[in-house]
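This briefing goes through one protein model by topic. Please keep the sequence and the structure in view while reading.

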Amino acid sequence: MTDQPDSIREIRINPIVPSESVLVSTARGMRPRKDEAPAPRDTRKHVDRCPFCTGNEHMTPPTVAASPDEDHWEVRVVENLYPVLGDDSQSTNLVFGLQQAIDGYGRHEVIIDHPQHGIAIQDMSEAHLVRLIGMYRDRVRALYAADDRIQYVLVFKNFGPAAGASIPHTHSQVIAMPVVPENVYNEVVHSRQYFEKNRQCIFCSLIDEALTFEATIYDRESGSVRRKINVGQYVIERGKHFVAIKPFASRYEWEIHILPLQHSSDFADISEAEREDLAHILKRSMARLDAVIGGAQYNFFLHSIPHNNAFADCHDSYHWHLEICPRTSIPTGFELGSGLFVSTISPEEAAERLRAVEPD
Ligand SMILES: [Zn+2]
Ligand SMILES: [Zn+2]
Ligand SMILES: [Zn+2]
């Protein structure tokens, strides 16, 4: 009897958004792999011609915010030079048959995470990460407050060329947008449905399950153990206020989600104590990822309740979180055509390997 079958082939449904699923198929050769050599990382401390390095502040658009202050910044925010959304001055309301467009109005800012050019999240001090998370919160609050047409403020980070980072100096981005993005919309709506049926937040239920639940699946004919599921096996880190889990049905093989243990719908409400614990859990989770996949290139993003009256009744049902999506493979035509992502490592094994690391 083994806890894990040698190979798994099953389609797992995302419990939050059931229209999303992942094909877990651990049989080898299922998909072409990207070259396994770790991506080269620029670890220089300072680069003379980098617009985000200290001393080159004149090369960026003016500072929007800085912490602790503009002259001695540790974290600095500037307007994006190439915004995907901007002022609504050149409004072109395209309505053409079934093709409808709304103004690409919004704000796009760059957060320079750290003065050191190539420093990775796991190498930043926890005190610095507390400051960075504080800046995320401040920008989210400020951008919602600045314009009531803003429906969502997305905070995200691209790290490494495979994740779409065009400037090697470590940075995050904030986009205030005139629509609620589909991924957030789906989560908010589906979790509201779950709440209406079960009077419980589905994220809280999943956390409870992840921390406690165990199940054994028996073979119906022979009665032997077919599979043992210890849901606690999805937990990667647990702090005072946050938990990092490897979701049971995640699209990216090494995907990690970090959620507050206490129910909370809005990242903008994060407290000082929570920021400290999030910094701790984030640093350790990134160190684990880096140790296991080496030179991780990733995207991370915050999902939080939209400040939009249509979702005013979702504070009990929605639970904010941070999703970390390492880019270890390139989606194929099968994935883009079917929407079914393929994972060649089981989430259970991924979690086990991540847990085995000893972060300092
Ligand atoms: Zn730089
Ligand atoms: Zn919850
Ligand atoms: Zn999410």
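The protein has 6 helices and 17 strands as its secondary structure. The model is predicted, with a mean pLDDT of 87 and 88% of the residues at 70 or more. Of the 360 residues, 35% are buried. Counting contacts between residues at least 6 apart in sequence, 70% join residues at least 24 apart.

**Confidence**

- Among the elements, strand E14 (residues 256-260) has the highest mean pLDDT, 98.
- The lowest mean pLDDT among the elements, 54, belongs to E5.
- Where pLDDT is low, predicted coordinates should not be read in detail.

**The open sheet E1-E2-E17**

- Three strands in the order E1-E2-E17 form an open sheet, and the pairing is mixed.
- Strand E1 (9-13) and strand E17 (341-343) are the edge strands, each pairing on one side only.
- From one strand to the next, the twist averages 25°.
- The pairing of strand E2 (residues 21-25) with E17 is parallel and has 3 bridges.
- Within this pairing, Val24 has Ser343 in E17 as its bridge partner.

**Strand E7 and its partners**

- Strand E7 (residues 107-112) is largely enclosed by the rest of the structure, because 5 of its 6 residues are buried.
- E7 pairs with E4 in the antiparallel sense, over 4 bridges, and Val110 in E7 is the bridge partner of Val78.
- E7 also runs antiparallel to strand E9 (residues 171-177), to which 6 bridges join it.

**Leu81**

- Leu81 lies in the loop between strand E4 (75-79) and strand E5 (95-96).
- Is Leu81 buried or exposed? Leu81 is exposed, because it has 12 other C-beta atoms within 10 Å and the cut-off for an exposed residue is 12 or fewer.
- Leu81 and His108 are 27 residues apart along the chain, and their C-alpha atoms are separated by 8.8 Å.

**Strand E16 and its partners**

- Of the 6 residues of strand E16 (residues 321-326), 5 are buried, and the strand is mostly covered.
- E14 and E16 run antiparallel and are joined by 3 bridges; Ile256 has Ile324 in E16 as its bridge partner.
- Strand E15 (residues 298-303) also pairs with E16 in the antiparallel sense, over 6 bridges.
- Opposite Phe301 stands Glu323 in E16.
- In general, strands of a sheet pair through backbone hydrogen bonds, either parallel or antiparallel.

**Packing of helices H1 and H4**

- Two packed helices are described by the angle between their axes and the distance between the axes.
- For helix H1 (residues 126-146) and helix H4 (residues 272-293), the angle is about 115° and the axes are 8 Å apart.
- The crossing of H1 with H4 is right-handed.
- Which residues of H1 meet H4? They are Glu126, Leu129, Val130, Ile133 and Gly134.

Key. Residues numbered from 1 in each chain as written. Chains lettered and ligands numbered in written order. Predicted model: local features only at pLDDT ≥ 70, side-chain atom pairs only at ≥ 80, totals over all residues. Helix = DSSP H or I, 4+ residues; strand = E, 2+ residues; numbered from the N terminus. Buried ≥ 20, exposed ≤ 12 C-beta atoms within 10 Å, placed from the backbone. Pairing = 2+ DSSP bridges. Axes fitted to C-alpha atoms, helices over the stretch in contact; angles between N-to-C directions. pLDDT = per-residue confidence, 0-100. Left-handed = near helix turned anticlockwise from the far one by under 90°. Contact = placed C-beta atoms within 7 Å.
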